[in-house]
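Subject: Structure handover

Hello,

Here is the structure I promised to pass on.

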Amino acid sequence: MNFRETLKVNGKGHLEIGGMDTVEIAEKFGTPLYVFDEDYIRKMIRVYKDTIEREYDGNGLVLYASKAFSCEAVYAIARQEEIGVDVVSGGELYTALKAGFSLKKAYMHGNNKLFRELEFAIENGIGNIVVDSFREADIIEEIAGSKGIKQNVLIRINPGVEAHTHAFIQTARTDSKFGFSISDGSAEELILHILNKKNIVLKGYHCHIGSQIFEKRSFELAAHKVMDFSAKIKRTLGFEAAELNMGGGFGVWYNDEDPRFKPADYAEYLTVLIKAIKEKALEHGLKLPYLLIEPGRSIIGEAGITLYTVGAIKDIKGVKKYVAVDGGMFDNPRYALYQSKYSVLLANKANEACTDKVTVAGKCCESGDIIAVDVPLPTAKEGDIMAVLTTGAYNYSMASNYNRNFVPAAVLVKDGRADYIIKPQNYEDIVRNDCIPERLKK
Ligand code: LLP
């Protein structure tokens with residue numbers, strides 16, 4: 001197994017993250033537990049920031065796609081790193097605000113933003129809203145008008161690029177609930193609709209072609225199509241985009257079927273995209289747009305691991321060996337949703353040979369509650385600490401209280417210490433919003 005710089009095996013044969021012994025972390029904080037390496041998060045942010053600086057004269061902004069992992073501490077890191085964020089709900093907006101993040105650098109997404117979410121965003125000075133329907137444009141016009149605000153927006157366009165990734169996470173095919181197609185005239189119609197509004201300032205375009213993408217060519221193609229579209233709109237409607245948001249989607253390593261990118265490879269992705277934009281700007285005589293990118297998974301995914309304690313072990317001879325842990329689909333639903341593959345190891349036996357092949361199951365009352373199927377592992381015993389790697393993105397953010405289990409706590413590791421960034425839940429949290437109508441109290 002290849003370890004990221006963040007992961008090492010120490011002299012005791014224990015897995016370390018960010019220089020800290022994961023077995024000791026598990027003893028101190030309990031399991032299941034999400035553990036994040038702060039240096040890794042900052043490093044990935046800086047890879048993108050530096051690339052925009054170097055390859056595009058700093059004419060752009062990195063937005064962390066906070067749907068990947070949203071909590072106050074992560075917006076605080078984004079604030080300190082002076083990047084922006086992509087938010088997709090009132091809840092993410094509220095969390096960012098609570099962390100002292102200025103919404104001037106926040107871009108709001110969503111195919112069905114609610115009136116109250118738009119109102120909350122506009123009242124709190126959201127920098128930009130990425131419009132994804134005609135109705136939404138009307139609502140923004142109304143709210144901005146009533147508050148005497150001119151609201152900056154982008155429109156979400158759909159360049160029709162097929163990115164090679166799991167079908168559920170492709171978002172810019174022609175058949176998508178997101179965006180307006182550039183090929184059937186609908187994007188153009190939305191532009192006209194917005195250009196007629198008094199309280200909305202159209203800054204440019206957004207597109208996001210999918211997630212967990214490894215093919216540079218997909219981003220290059222999307223950039224070409226968006227810039228061609230921009231040139232066409234300049235010719236036909238006289239509108240030239242000042243901003244271009246190319247979304248996120250850069251892939252990460254989950255197991256050895258995935259390429260193992262180094263930071264320099266992510267810089268290369270972005271460089272390819274920037275090159276495509278520059279080429280097309282030159283070809284069409286367009287100004288270089290202010291560039292936004294929205295990586296989520298590649299900033300936070302490999303920075304995070306989940307620690308579990310091994311419980312029941314069921315060896316069905318000749319069929320399968322199940323090793324159950326104290327977590328499951330309530331903290332990581334990605335196998336259940338996408339059959340995602342993960343790398344798993346025993347944190348307290350990290351340098352022992354993998355002589356077993358096991359299926360890691362959760363504790364939910366559901367057969368599909370699986371974390372990983374047929375993964376190599378040393379012989380596991382009850383009480384061993386299991387680490388599942390690359391769980392920083394779309395794990396906590398998609399967790400639930402299914403079966404009334406607790407959503408695990410999260411700690412952030414830096415300079416030899418680990419601090420809570422999300423506290424553990426307790427039974428009281430589980431029933432906090434429950435109510436019993438009078439008639440049921442008799
Ligand atoms: N921008 C927009 C508009 C997006 O929809 C997304 C992800 C991103 C940026 C960030 O993409 P990233 O860099 O993280 O790939 N729950 C799924 C992933 C859904 C992605 C949704 N949009 C999963 O667990 O794989």
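This is a predicted model: local features need pLDDT of at least 70, side-chain atom pairs count only at pLDDT 80 or more; totals for chains, interfaces and linings use all residues.

**Salt bridges**

Asp-429 is partly exposed, at a relative accessible area of 27%; here buried means under 20% relative accessible area, exposed over 50%, and partly exposed in between (1.4 Å probe, protein chains only). Asp-429 forms a salt bridge with Arg-432, with 2.4 Å between the closest N and O atoms. The term salt bridge stands for a side-chain nitrogen of Lys or Arg within 4 Å of a carboxyl oxygen of Asp or Glu.

Residues are numbered from 1 along each chain as its sequence is written, and side-chain values use heavy atoms, with hydrogens and water left out.

By the salt-bridge rule the count comes to 26. Helices (H or I, at least four residues) and strands (E, at least two) are DSSP runs, numbered from the N terminus.

Another salt bridge, between Arg-217 and Glu-220, has its closest N and O atoms 3.0 Å apart. How far apart are Arg-217 and Glu-220 in helix H8? They are three residues apart in H8 (residues 216–237), so about one helical turn separates them. Arg-217 is partly exposed, with a relative accessible area of 47%, and Glu-220 counts as partly exposed at 23% relative accessibility.

The protein chain is divided into domain 1 (2–30 + 304–431) and domain 2 (38–300), with bounds that come from an automatic or database domain assignment. To their contact (heavy atoms within 4.5 Å), domain 1 brings 25 residues and domain 2 brings 27 residues. The centres of the two domains, taken over C-alpha atoms, are 32 Å apart.

About 2400 Å² is buried between domain 1 and domain 2, and carbon and sulfur atoms give 52% of this area. Buried area is the accessible area (1.4 Å probe) that two parts lose on being put together, summed over both. Across this interface the rule finds two salt bridges. It also finds eight residue pairs in polar contact there (both at pLDDT 80 or more). A polar contact is a pair of N or O atoms within 3.5 Å; within protein, one must be able to donate a hydrogen and the other to accept it, and residues adjacent in sequence count only if both atoms are side-chain atoms. On the side of domain 1 that touches domain 2, helix H11 (334–338), E20 and E21 are the elements that give two or more residues. Of these, E20 gives the most, with four residues.

Asp-415 lies in the loop between strand E20 (409–414) and strand E21 (417–422). Asp-415 counts as exposed because its relative accessibility is 64%.

**An enclosed strand**

Is strand E19 (residues 385–389) buried or exposed? Five of its five residues are buried, so E19 is largely enclosed by the rest of the structure. Both faces are covered, with Ile-385, Ala-387 and Leu-389 buried on one side and Met-386 and Val-388 buried on the other.

E19 pairs with strand E14 (residues 304–316) in the antiparallel sense over five bridges, where two strands pair if DSSP finds at least two bridges between them. Within this pairing, Thr-306 stands opposite Val-388. Strand E16 (residues 344–346) also runs antiparallel to E19, joined by three bridges, and Leu-346 has Met-386 as its bridge partner.

**Helix H4**

In helix H4 (residues 90–98), the buried residues are Gly-90, Glu-92, Leu-93, Thr-95 and Ala-96. Their cover includes helix H3 (72–80), strand E6 (84–87), strand E7 (106–108) and helix H5 (115–123). Just after H4, Gly-100 takes a positive phi of about 80°.

Best wishes
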